[in-house]
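Subject: Structure handover

Dear colleague,

Please find the structure below, handed over for you to look through. My notes on what was found in it follow.

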Amino acid sequence: MYTLGEAQLGELELLTSGVFAPLRGFMDAADVATVDVRGTLADGTPWPVPVILDVPADVVPPDADHLVLQDQEGSPLAVLAITERLASPAAVSSAAGPEVMRLAGPVTALREPEHGPFRQLRRRPEEVRAELSGGNVLAYVTRRPLNKRHIGQLRHFASQLNARLLVLPLITGPADVVTRPEALVRAVLAARQHLPADTLVIPVPLASRAGEPDQKTADLRVAAIAAAAYGATRLLADSPGVAGAPAGTKPGPLDLPGVPIPVISAGEWAYDPRSEVWRPLALIEPGAEQSELTDSELGALLDSGAEIPAWFAPPSVARELRRARPPRAERGLAIFFTGLSGSGKSTVARGLAEALIERGDRTVSLLDGDQVRHLLSAGLTFSRADRDLNIARIGYVAAEVARHGGIAICAPIAPYAGARATARELVTEVGDFLLIYVSTPVDVCAARDRKGLYAKARAGLIKGFTGVSDPYEEPRDADLVLDTSAMTRQQAVDAVLKLLITGGWLAGAPGDSAEPNGTAGTRTSGSVLRLGPAVRRL
């Protein structure tokens with residue numbers, strides 16, 4: 001058996017439900033090669049992108065002719081009849097990583113998938129096609145919440161084409177602005193009340209084609225396949241950066257050979273303040289137009305708790321945006337300290353937790369490295385694999401704290417960049433993540449060591465000791481760097497509090513200003529404290 005990842009689960013559902021017809025399974029090398037070169041399957045059928053399955057080689061015995069594919073809960077979903085197995089090109093990305101094998105062959109569904117929210121909306125294509133048959137159907141595929149521009153364009157083109165609307169929110173992978181796919185669906189449903197009453201909303205588990213040479217065009221080609229499978233006769237597209245888009249600001253058909261339905265560009269629209277409507281830019285007096293909010297501008301409004309302009313989004317959508325991305329002062333957060341043993345990270349983390357508890361305006365959970373080792377990760381060794389698992393467990397717990405609006409303060413050594421990235425990824429699905437590197441030099445750490453661990457490690461009595469016989473990968477993505485050899489505990493705590501206040505996660509004293517990107521703050525000596533890159537947002 002093999003447990004599929006999120007994107008693989010989506011691909012399997014698209015295959016077994018018929019969205020990816022005429023494909024019946026994962027492509028073999030011949031199909032992949034012709035898709036890459038000519039945009040067709042080996043038999044000449046137009047097809048835009050590879051649909052492949054890469055798995056760790058050790059999950060497939062050499063003599064196996066089939067593989068059971070299961071979801072994250074262990075429920076068997078389908079059987080893959082293995083017709084080809086090859087070393088995957090992904091295997092060359094890391095010589096030290098596990099061997100990866102690419103499998104091909106038809107898949108046979110064992111049961112209907114049950115994973116994922118809004119399952120009742122995820123109807124089979126043939127059912128939707130039957131409901132929509134007999135007339136024009138205009139589809140729109142999206143990874144972002146619909147605003148008033150989208151609503152205006154959909155109403156306009158549906159009226160022009162005398163078409164019924166079909167909106168397909170894509171729920172595999174992160175959504176724009178709101179991150180979580182369920183938040184995207186809620187926002188699209190909130191916008192539906194401003195569209196024609198017979199508009200259909202069907203969530204589709206289609207992942208972005210990351211890694212394709214022209215990702216935007218590849219995404220649009222696959223979106224056209226999905227839209228056609230559900231009965232659409234045309235697809236409306238935002239076309240900036242897409243090959244084949246019409247020149248200028250006017251709407252028009254896109255030149256995308258091989259797609260099953262025509263794809264039309266909506267052209268460039270803007271808000272007309274004088275008429276208080278969204279309309280094609282060409283119909284607005286030059287210089288009078290109001291441009292759409294960028295994702296960064298919208299994110300800054302949501303982060304600060306400011307009002308979303310009525311000209312940009314209807315109140316129903318604005319409410320869903322605020323639910324999905326609450327102000328930073330109410331949003332969950334993981335503060336992840338990393339550094340050598342003896343660097344002072346646990347001391348600063350405890351001081352920060354105490355300071356936040358004294359304030360009383362946020363719920364705080366402290367996940368200290370030693371405490372975690374005795375409880376959450378009891379039984380794990382100090383091997384590379386077990387260290388990574390320890391950090392993954394910390395990241396999981398921190399994400400659950402953040403999910404419910406709390407602050408998780410973590411203070412493990414976390415020597416490996418990959419494990420820290422995993423923790424960041426877990427948390428940023430539901431909240432914010434700050435990485436704080438306590439960069440105290442190793443000689444200072446050794447001088448502080450009352451247990452004599454550094455001396456034993458240097459004498460060869462302790463193997464795999466971070467900073468001596470095992471590497472520590474210094475963070476290149478830290479949001480704050482502290483050196484406790486040149487500052488007191490209180491100064492370090494104050495520096496973190498300053499970052500939290502200027503970033504908007506904590507209310508400040510009068511005169512303190514919250515910076516939307518969280519990077520402003522009082523700077524002391526460069527050898528003591530420095531601020532890292534812009535803080536990651538939801």
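Helices (H or I, at least four residues) and strands (E, at least two) are DSSP runs, numbered from the N terminus. In those terms, Phe-118 sits in the loop between strand S7 (100-109) and H3. Please keep in mind throughout that this is a predicted model.

Backbone

Phe-118 comes up for its phi, which is near 55°, a positive value in a residue other than glycine. Ala-414 is another such case: its phi is positive, about 50°, although Ala-414 is not a glycine. Ala-414 belongs to the loop between strand S18 (407-411) and helix H12 (417-428). Is Ala-414 buried or exposed? Its relative accessibility is 2%, and buried means under 20%, so Ala-414 counts as buried.

A positive phi, near 100°, is also found at Gly-134, which follows H3. Finally, the peptide bond from Ala-21 to Pro-22 is cis, with omega near 15°. Pro-22 is placed in the loop between H1 and strand S2 (25-26).

Strands around S9

Strand S9 (residues 163-169) is mostly covered, with six of its seven residues buried. S9 pairs with strand S8 (residues 136-142) in the parallel sense, over seven bridges. Within that pairing, Pro-169 of S9 has Thr-142 opposite.

Which residue of S10 is the bridge partner of Leu-166? It is Leu-200. Between S9 and S10 the chain passes through helix H5 (residues 181-192), and that β-α-β crossover is right-handed as well.

Helix H3

The buried residues of helix H3 (residues 125-132) are Pro-125, Val-128 and Leu-132. Why do they fall on the same side of H3? They cover an arc of only 65° around the axis, which puts them there. An α-helix has 3.6 residues a turn, so residues three or four places apart point the same way.

Salt bridges

The salt bridge count comes to 32.

Glu-131 pairs with Arg-164, the closest N and O atoms being 3.1 Å apart. Glu-131 is in helix H3 and Arg-164 in strand S9, so this pair links distant parts of the chain, 33 residues apart. Glu-131 is partly exposed, with a relative accessible area of 35%, and Arg-164 is partly exposed too, at 21%.

Arg-180 and Glu-429 meet through their side chains in a salt bridge (3.2 Å, N to O). Arg-180 lies in the loop between S9 and H5, and Glu-429 in the loop between H12 and strand S19 (432-438). The two are 249 residues apart. The relative accessible area of Arg-180 is 27%, which is partly exposed, and Glu-429, with 35%, is also partly exposed.

Arg-387 and Asp-470 form a salt bridge as well (3.4 Å, N to O). Arg-387 lies in helix H11 (residues 384-403) and Asp-470 in the loop between helix H14 (453-458) and strand S20 (480-482), so the pair ties together parts that are 83 residues apart in sequence. Both Arg-387 and Asp-470 are buried.

Salt bridges that share partners also make one network, which joins Arg-123, Glu-127, Glu-131, Arg-164 and Asp-198.

Nonpolar cores

The largest nonpolar core has 61 residues. Phe-20, Trp-47, Leu-69, Leu-166, Leu-235 and Val-263 touch the most other members. The element that gives the most to this core is H6, with nine residues.

Which residues does Phe-20 touch, leaving out those up to four places away in sequence? They are Glu-11, Leu-14, Leu-15, Trp-47, Val-51, Leu-206, Arg-209, Val-222 and Ile-225.

There is a second, separate core of 37 residues. Among its members are Val-188, Ala-190, Tyr-271 and Leu-302.

Regards

How values were computed. Residues are numbered from 1 along each chain as its sequence is written. This is a predicted model: local features need pLDDT of at least 70, side-chain atom pairs count only at pLDDT 80 or more; totals for chains, interfaces and linings use all residues. Side-chain values use heavy atoms; hydrogens and water are left out. Buried means under 20% relative accessible area, exposed over 50%, partly exposed in between (1.4 Å probe, protein chains only). Two strands pair if DSSP finds at least two bridges between them. A crossover is right-handed if, with the strands pointing away from the viewer, the path from the first strand over the helix to the second runs clockwise. The arc is that of the directions from the helix axis to the C-beta atoms. A salt bridge is a side-chain nitrogen of Lys or Arg within 4 Å of a carboxyl oxygen of Asp or Glu. A nonpolar core is a set of buried Ala, Val, Leu, Ile, Met, Phe, Trp, Tyr and Cys residues joined through side-chain atoms within 4.5 Å. Contact means heavy atoms within 4.5 Å.
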